[in-house]
Amino acid sequence: MKKMLILGALMLGSTLSTAFAGSGPIKIVLPEEADLLEPCMATRSNIGRVIMENVSETMTELDVRGDKGLMPRLAEKWEQNADGSWRFHLRQGVKFSDGTGFDAKDVEHSFNRIMSDKNSCESRRYFGGMTITPTVVDDYTIDFKADPVQPILPLLMSLLTIVPEETPMEFVREPVGTGPYKLTEWTPGQQIVLTARDDYWGEKPEVTEATYLFRADPSVRAAMVQTGEADLSPSISQLDATNPATDFSYLDSETVYLRIDHNIEPLNDVRVRRALNLAIDRQAFLGTLVPEGALLATAIVPPPTLGWNPDVKVFPFDPDGAKKLLEEAKADGVKVDTPITIIARTANFPNVTEIMEAIQAQLQDVGFKIDLKFVEVAEHEQYYSKPFKEGRGPILVAAMHDNSKGDPSFSMFFKYDSEGTQSGFSDPKVDDLIKRASAAVGDERAKLWKELIAYLHDDVVADVLLFHMVGFSRVSERLDFTPTMATNGTLQLSEIKIK
Amino acid sequence: MIPPPGLSEGAMLKFVRKRAVASLISLVGLIVMVFFLSRLTGDPAALFLPVEASAEMKQQFRELHGLNDPLLVQFAHYVGDVLTGDLGESLRKARPALDVVLEAFTWTLWLAVITMSLVTGAAILVGSLAAFRAGGFFDRLSSIISLIGASVPDFWVAIVAIVVFSVNLAWLPTSGTGSLLHWILPIAVLFIRPFGIIVQVVRGSMIGALSSAYVKTARAKGVKSRSIIFVHALRNAMLPVITVIGDQAASLLNGAVIVETIFGFPGVGKLMIDSILQRDFNVVLAAILVTALAIFLMNLLIDLAYALLDPRIRH
């Protein structure tokens with residue numbers, strides 16, 4: 001009897017996926033569970049990784065693997081009308097997973113739904129500061145009129161997930177979409193299963209079924225791929241990435257930096273801000289506390305982003321220069337001896353404690369008085385975002401910013417505009433450049449972003465930019481898949497090939 | 001609190017009622033404290049919404065979830081809802097908070113019950129045998145083992161266990177749920193610390209009991225060692241042991257955060273930590289209510305066990 005029980009348990013517990021060459025089910029292990037599978041929340045990474053473009057599709061899609069730029073998805077093409085509004089021509093013959101057909105009314109409803117006050121749809125944030133009116137022209141044509149005119153409206157449409165017009169305004173727990181997969185099982189705390197649809201409009205993907213598992217510990221995730229309990233873990237720790245056959249690093253879209261609060265002395269003095277930058281030996285972190293493949297940052301957005309400026313050079317490590325600048329400032333009466341506090345977030349990224357301690361030591365070496373304070377996410381948020389506390393001392397907020405969207409507008413306004421929620425200063429030239437760049441198109445747009453990035457780095461010395469981070473992934477040898485900059489927020493099952 | 005002598009049915013009810021009132025008072029105090037402290041130390045709107053969300057979006061989020069009302073009004077609403085059995089909805093999961101908590105608590109309860117049963121059996125056996133020949137080889141061995149058990153960090157044991165039993169030997173799944181095999185590693189890891197502690201308590205208490213006059217009398221009468229240990233001495237040595245078992249079980253009922261996190265076990269400990277970090281107030285409060293209730297019931301059982309074990313308490 002006992003043997004039978006054990007045998008039964010073994011059979012139940014057998015988690016090895018049966019693989020057929022070229023197609024089959026896979027298991028993916030992620031660090032954080034999706035607490036909600038709501039399409040309008042798919043811009044949040046833990047939710048987007050599961051449903052974005054797998055269950056819920058968008059009208060347009062940004063190519064992060066090649067250089068095709070913005071690609072059609074549910075919209076086949078689009079153009080700007082004479083009045084500045086945008087017209088989208090929709091794909092025909094597309095069906096939602098509940099069997100209903102897709103047309104322009106669904107797009108209109110999807111947009112109205114994210115703007116509704118009956119929910120807290122996260123994708124609404126991309127449409128702040130503008131008024132957008134969708135107008136259905138016919139079943140497969142829709143116009144979006146934006147005030148002020150939005151040159152990147154088609155790019156913004158890569159963030160609007162399309163739901164059927166019957167979807168209630170309140171959050172739903174069972175997403176219905178036009179994507180290649182539908183949700184077939186969700187056991188909260190345990191697993192989510194997506195199954196390929198037979199009636200998908202596009203190419204049939206090789207992955208027939210994807211089971212998502214969630215483990216907070218990176219070494220467990222790595223072990224699961226090693227033992228065959230999972231086929232893919234997009235994020236493992238650098239320490240576990242030891243097998244060249246399955247593990248590799250990729251540039252993710254996270255940028256680590258110290259946000260400077262320019263409002264408080266001595267950080268209101270540009271020499272002091274420059275001294276902060278010169279005092280840090282960024283290169284020394286690479287291959288030690290920060291993974292080798294990471295890049296030294298000169299902008300808040302990583303290199304593949306539009307307008308990233310190759311002419312801006314990383315601050316050299318120059319402790320003598322830093323000391324000199326501090327002395328100059330001191331001679332002019334700037335209180336450079338005031339203790340400055342670095343506020344960092346516990347477990348924000350690997351080695352955050354050691355990295356911040358090293359930075360603290362390097363800053364102290366040139367004469368800064370630096371306190372280091374670690375706080376949890378909720379408290380960190382109070383330092384990071386406005387309204388800032390009255391009566392605060394000089395503060396550097398250590399933070400990590402994610403932009404995999406290909407355009408700096410998703411970062412620049414919030415981080416640097418006078419009205420930006422997380423901006424530590426106010427500069428009319430910066431505001432003007434952001435406004436003009438956001439409204440520009442093509443080469444002009446790239447040029448203005450470049451100008452802004454150089455101005456922020458070289459003249460304003462807006463913050464202490466540190467590293468564009470790399471992630472490590474473990475991919476089973478039976479799969480053919482390379483994570484990209486977008487993998488943090490989107491993990492398209494149709495891009496995964498089975499050997 | 002020891003129940004009064006003469007456990008008649010009436011006295012029993014009175015005792016339970018008294019305990020319930022005392023627990024209720026502390027529970028209410030706890031809820032009030034958590035309610036206000038959690039709301040004063042973080043804004044769920046800032047945590048639920050992305051950092052880039054506009055002030056308008058945050059305002060609307062607060063409006064939607066009634067977080068704009070004065071704290072006292074929010075509290076009055078909450079108390080009113082709780083009295084009608086409604087513990088509110090999870091901000092993060094858009095589901096009733098009580099459902100979320102009960103789902104997780106069921107896993108935790110099983111984990112705690114199975115682990116504590118195994119721990120109790122094993123610790124009593126090992127502790128008693130060690131005490132019987134105090135200072136002997138078995139005693140020393142069990143002391144070393146229990147000392148290591150009580151002091152070794154569980155996250156380390158958990159990771160090493162996965163490397164050995166799952167990765168190298170491939171005997172057990174690394175983590176997760178789904179089969180009986182998935183329970184083995186989490187239970188084994190959870191077993192270690194309470195086992196180490198309780199063995200020590202059993203041993204100490206048994207040494208005291210074994211040197212008492214009634215044991216000497218029994219020995220003089222020629223009673224077999226086995227019945228001396230397990231019939232005469234053990235019962236008398238159990239009172240302090242039960243207290244410690246209760247403490248250990250209570251900490252398991254609150255959730256074994258580390259074990260749950262590493263093994264991907266969907267228990268209430270990790271749920272509670274995540275909900276606190278995200279200021280998902282309703283889930284935090286529901287989790288506190290549910291676990292506190294469970295601990296209250298367990299303490300009640302322990303008090304009754306005292307009475308059953310010790311006739312001096314009963315009569």
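# A walk through chains A and B

Start by selecting Val461(A): it counts as buried because it has 22 C-beta neighbours inside 10 Å. Here, "buried" means that 20 or more other C-beta atoms lie within 10 Å of the residue's own, "exposed" means 12 or fewer, and "partly exposed" is in between, with C-beta atoms placed from the backbone. Val461(A) sits in the loop between α12 (442–460) and β17 (463–475) of chain A. Check its backbone too: phi is positive, about 50°, although Val461(A) is not a glycine. Most residues other than glycine have a negative phi, and most peptide bonds are trans.

Before you click on, know that this is a predicted model, where local features need pLDDT of at least 70 and side-chain atom pairs count only at pLDDT 80 or more, while totals for chains, interfaces and linings use all residues. Residues are numbered from 1 along each chain as its sequence is written, and chains are lettered from A and ligands numbered from 1 in the order in which they are written.

**Stop 1: all of chain A**

Helices (H or I, at least four residues) and strands (E, at least two) are DSSP runs, numbered from the N terminus. The C-alpha atoms of this chain fill a box of roughly 75 × 70 × 40 Å along the principal axes. Of its 499 residues, 49% are buried.

Now zoom in on Ile498(A), which belongs to strand β19 (residues 497–498). Ile498(A) is buried, with 21 other C-beta atoms within 10 Å.

**Stop 2: two cis bonds**

Stay in chain A and select Asp147(A) with Pro148(A): the peptide bond between them is cis, with omega near -5°. Pro148(A) is in the loop between β7 (141–147) and α4 (153–156). Then go to Lys386(A) and Pro387(A), where the bond is also cis, with omega near 0°. You'll find Pro387(A) in the loop between α9 (377–384) and β16 (395–402).

**Stop 3: over to chain B**

How many helices and how many strands does it have? The count is 14 helices and zero strands. The C-alpha trace spans about 85 × 60 × 30 Å along its principal axes, and 37% of the 315 residues are buried.

Pick Ala170(B) in the loop between α7 and α8. Its phi is near 55°, a positive value in a residue other than glycine. Is Ala170(B) buried or exposed? It counts as exposed, because it has 12 C-beta neighbours inside 10 Å.

**Stop 4**

Select α5(B) (97–132) and α10(B) (residues 225–253). They pack at an angle of about 145°, with their axes 9 Å apart. (Axes are lines fitted to C-alpha atoms, for helices over the stretch in contact, and angles run from 0 to 180 degrees between N-to-C directions.) Among the residues that meet are Leu111(B) and Phe132(B) from α5(B), and Ile229(B) and Leu252(B) from α10(B). Residues are in contact if their C-beta atoms, placed from the backbone, lie within 7 Å. The residues of this helix contact divide into eleven nonpolar, six polar and no charged. Nonpolar means Ala, Val, Leu, Ile, Met, Phe, Trp, Tyr, Cys and Pro; charged means Asp, Glu, Lys and Arg; the others, Gly among them, are polar.

**Stop 5: the cores**

A nonpolar core is a set of buried Ala, Val, Leu, Ile, Met, Phe, Trp, Tyr and Cys residues joined through C-beta atoms within 7 Å. The largest one has 126 residues, and Val101(B) and Ile198(B) are among those with the most contacts inside it. α5(B) gives the most to this core, with 16 residues. A second, separate core of 61 residues includes Leu326(A) and Val366(A).

Beyond its neighbours within four places in sequence, its contacts include Val268(B), Leu271(B) and Ala286(B). Thr291(B), in helix α13 (residues 281–309), is 9.4 Å from Val101(B), C-alpha to C-alpha, though 190 residues away in sequence.

**Last stop: where the chains meet**

Show both chains again. Here 41 residues of chain B are in contact with 40 residues of chain A. On the chain B side, the elements giving two or more residues include α3 (55–64), α7 (154–168) and α8 (181–210). That side divides into 22 nonpolar, 14 polar and five charged residues.

Terms used
Contact = placed C-beta atoms within 7 Å.
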